[in-house]
Amino acid sequence: MKQAIEVLRTFLTLAAPYFRSEEKWRARTLLLGVIVAEFGVVYALVAFNHWNGYFFNAIQDKDWEDFRYSLFLFAGIVLWIAVATMAQFYFGQTLILNWRRWMTRQLVGRWMAGGRHYRMRVLGHDVDNTHLRIANDILIFMQKTHDIGYNLLGSFIALVSFSYILWGISSVAPLVLFGVNLSFPGWLFWVAFVYATAATLIAHVIGKPLIGYNFNQQRFESDYRFAITRAWDHSEPIALMRGEKIERQELDTRFGNLVRNWTRLIRRQSGLTFFTAGVSQFSAVFPTIVMSPAFFMGAIPLGSLMQGALAFQRVDFAFGFLMHFYAKIAEWKASMDRIVQLEAALAKADGPQQAAQIAIDDHHEGALDVENLVVTLPSGVPIAALDRLSLRPGDSTLIAGPSGSGKSTIQRALSGVWTLGKGKLALPHDDVLAMPQRFYFPLGSLKAVITYPTPAGEVDDARLRDVLHQVGLGHLAGRIDEEAEWGSMLSGGEQQRVAFARAILRDPAILMLDDSTSNLDGDATKQMYQALGRNLPEAMIISFARTDALQTLHKKLVSLRPATAHAT
């Protein structure tokens, strides 16, 4: 019971915000529509149960008028069920659509903001495949919530409605066993309760491991999709280095994990299916067997026998809800747990970390100031250090250091996405553009690629073409609307020229360039920095390089020293 209460509390924590959000009236209206439609479906089934009694009594009595009238009633009940079922589907699916859209926007908005997605990857948060949790687990959670929810509601309504019918039939149908009448008030109801409870307990024993198996299956599926997508995204270096064998081994390992867990899931699910299918089939006959002595004694007519049998099945199904939906509940619980883990990781990424934090003032307009900066790992081990740096509009600084000296780490800290460490950092709010070593190409046209992170619609085509000519990419000016795999089509030098074009179009207060001219010769490098000077005269520019070869293109030079000196 304690575990069930905890699951319910978790569910309400996850679900309630949508029904209290700005869309609350639409959400509550759709939910009400689902509930009303489910009432309509169940009470149509109650009407159908009464119809069975009327119909089979007419057959037994060979009453043609009652039989014909029952056919008209049947047509009305069928129409009723069809309309109620259609309404239930429409309201339910519309609720899922709107709820998923709202929750996806909320999670994507939190995840893809302020470098949070990056911090979750590098700060050791134990959440695998965040992107696939948002894309897949939200949908699974909502579909199963809808499926289980309306069936649970329907089972409750059916339990109340059909229990009344069973109780009434019990008063006229004796319980005869070996010639002895063992009747007691509501005996059909209690037989259904005991029968369903025993079946549910057995189903729980068989199906309990399914929750863990479903959780792992979703994780292994996500791991495999991530790996195969990553191989596709990096097909060029894999092909050039003949790395297919290694990639196959990695894909085989991940798919092997998936298959092994899937095998366990299939075996356990097969056992549960065997049991539930057998119980369901036996339930179709069991109430008739129990009530048949009363029928053969003439205590009840054929219609009451059929009516009681159908009511027994409905009550049995309601009591045995857990047994019939155990597999779906296991999958629902697994998807809910994965979303809750994601919510917790997002909150943790914003909360205080165990390691020391850099003191960041991101509202320091018009300047950048660094004092005694030491960047550390989550464990507290220092990995980069910068004693002092002060920049004002129009200043430019080259930060030089050998490979492994922490240049890229310093860039992450100065841009505000890496906060572990100590020292002070002051910079303008949301006006910093950092160009990392690893180049990124978004989906879309060449214009979208070049203007990133500025939205393509905010850049005039004439301005874009002018900038392309300034950075030596004039030959691409006529292809800005073309969509292609530009990351594969552009050379390394062209990609670095794109980085300078992006910086010019973005016009930031602070621009950081990490090894951004490694594929360019001296004249091309000079051309890039001259373009920056013409277009961004007030920008504070920080370049990171392995040597001081770019010193003549900057006003200041800072040489990085080992971070271990600040380990104390």
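Trainee: Why does D507 count as partly exposed?

Mentor: D507 has a relative accessibility of 47% and therefore counts as partly exposed, a class lying between buried (under 20% relative accessible area) and exposed (over 50%), with a 1.4 Å probe and protein chains only. This is a predicted model, in which local features need pLDDT of at least 70, side-chain atom pairs count only at pLDDT 80 or more, and totals for chains, interfaces and linings use all residues. Residues are numbered from 1 along each chain as its sequence is written, and side-chain values use heavy atoms, with hydrogens and water left out.

Trainee: What is the phi of D507, and where is D507 placed?

Mentor: Its phi is near 55°, a positive value in a residue other than glycine, and D507 sits in the loop between α17 (492-506) and β9 (510-514). Most residues other than glycine have a negative phi.

Trainee: What makes N372 partly exposed?

Mentor: The relative accessibility of N372 is 39%, so N372 counts as partly exposed. N372 is found in strand β4 (residues 368-376), and its phi, near 50°, is positive although the residue is not glycine.

Trainee: Why are α6 and α9 called roughly antiparallel?

Mentor: Helix α6 (residues 187-207) and helix α9 (residues 244-296) pack at an angle of about 170°; angles under 35 degrees count as roughly parallel, over 145 as roughly antiparallel, 65 to 115 as roughly perpendicular and the rest as oblique, and α6 and α9 are therefore roughly antiparallel to each other.

Conventions: Axes fitted to C-alpha atoms, helices over the stretch in contact; angles between N-to-C directions. Helix = DSSP H or I, 4+ residues; strand = E, 2+ residues; numbered from the N terminus.
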